Amino acid sequence: MVSEVKQISGNAVPLIGNDIDTDRIIPARYLKAVTFDGLGTGVFIDDRKALNGQHPFDQTQYQGAKILIVNRNFGCGSSREHAPQALAKWGIKALIGESFAEIFFGNCVAMGIPCVTADAATVKQLQDLVTANSQTSVSIDLENLQVKIGDFTSPVVMNEGTRSTFVSGTWDACGQLVENVEKVRATAAKLPYIGWRKLAVK
């Protein structure tokens with residue numbers, strides 16, 4: 001199973017504002033869902049209703065965007081995994097921002113969604129470029145830690161430990177377990193304190 005994430009390219013959607021918390025990304029009432037399926041329809045739902053169709057996630061030019069460009073402290077608030085899940089179900093594959101809340105960032109990594117950072121001036125320039133031409137493709141290169149949009153290229157930041165897990169594909173802990181099921185079975189059979197030796201691993 002190959003889970004390498006080295007480059008993400010596609011149209012982008014700018015979302016301007018600091019301290020956008022997980023309750024705004026997906027309201028608490030959506031936590032009753034048994035699965036994450038369908039969460040994409042609820043992403044930013046209260047903000048979208050308040051803006052009466054003018055929220056970027058409702059605007060025609062940003063439909064199908066894969067990259068979300070945000071500002072400072074995005075994903076703060078509660079630790080709910082539903083927030084990145086809702087973004088992913090809407091279609092977001094990567095985020096660029098000034099900074100991300102730590103737990104939100106960790107949930108994104110666990111799902112294979114890279115979150116790279118840049119300084120405020122660079123983020124604003126990216127948001128302005130996308131606003132001016134929503135059909136311009138944005139490319140995030142995790143191997144070289146660069147973002148490119150049209151003729152504009154800028155470095156972005158991701159700590160080396162996280163970057164290496166994306167590039168090598170080791171971010172996908174569940175995928176690694178499935179891929180190495182025979183090794184898991186062999187190790188479990190040697191452990192005297194668990195009764196896995198008689199379990200059938202499918």
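Leaving aside residues up to four places away in sequence, Thr22 touches Gly75, Cys76, Gly77, Ser78, Arg80 and Ala83. Thr22 belongs to helix α1, and the model in which these contacts are found is a predicted one. With a relative accessible area of 2%, Thr22 falls under the 20% limit and is therefore buried.

- Helix α3 spans residues 82-90 and is mostly covered, since 7 of its 9 residues are buried.
- The buried residues are His82, Ala83, Pro84, Gln85, Ala86, Leu87 and Trp90.
- One of these buried residues, Ala83, is also among the residues that Thr22 touches.
- Just after α3, Gly91 adopts a positive phi of about 130 degrees.

**Aromatic pairs**

- Across the whole structure, a search finds 5 aromatic pairs.
- One of them joins Phe44 and Phe57 in an edge-to-face arrangement, with 4.9 Å from centre to centre and 65 degrees between the planes.
- This pair links distant parts of the chain, 13 residues apart: Phe44 sits in the loop between α1 (22-25) and α2 (45-50), and Phe57 in the loop between α2 and β3.
- Phe44 is buried, at a relative accessible area of 0%, and Phe57 is buried as well, at 1%.
- Phe100 and Phe104 form a stacked pair, with centres 6.4 Å apart and planes at 15 degrees to each other.

**Helix α5**

- Which residues of α5 are buried? They are Thr122, Val123, Leu126, Gln127 and Val130.
- Seen down the helix axis, the buried residues of α5 fall within an arc of 135 degrees, so they line one face of the helix.
- In an α-helix there are 3.6 residues a turn, so residues three or four places apart point the same way.
- The face turned away from the buried side of α5 carries the exposed residues Ala121 and Ala132.
- The packing partners of the buried residues of α5 are the strands β2 (12-14), β3 (67-69), β4 (94-97), β6 (138-141), β7 (146-149) and β8 (152-155).
- Helix α5 comprises 13 residues, 120-132, and reaches 18 Å from its first C-alpha to its last, close to the 18 Å expected at 1.5 Å a residue.
- At the start of α5, the backbone nitrogen of Ala121 has a side-chain oxygen of Asp119 within 3.1 Å.

**Annotated domain**

- An unreviewed UniProt entry lists residues 7-113 as "domain: Aconitase A/isopropylmalate dehydratase small subunit swivel".
- In the predicted model, the end C-alpha atoms of residues 7-113 lie 11 Å apart, and the span is 27% helix and 13% strand.

Notes
Residues are numbered from 1 along each chain as its sequence is written. This is a predicted model: local features need pLDDT of at least 70, side-chain atom pairs count only at pLDDT 80 or more; totals for chains, interfaces and linings use all residues. Side-chain values use heavy atoms; hydrogens and water are left out. Helices (H or I, at least four residues) and strands (E, at least two) are DSSP runs, numbered from the N terminus. The expected span of a helix is 1.5 Å times one less than its number of residues. Buried means under 20% relative accessible area, exposed over 50%, partly exposed in between (1.4 Å probe, protein chains only). The arc is that of the directions from the helix axis to the C-beta atoms. Contact means heavy atoms within 4.5 Å. A polar contact is a pair of N or O atoms within 3.5 Å; within protein, one must be able to donate a hydrogen and the other to accept it, and residues adjacent in sequence count only if both atoms are side-chain atoms. UniProt positions are given in the numbering used here, feature names are shortened, and annotations may be inferred rather than shown by experiment. Rings of Phe, Tyr and Trp (its six-membered ring) pair if their centres lie within 6.5 Å; planes under 30 degrees apart count as stacked, over 60 as edge-to-face and the rest as tilted.
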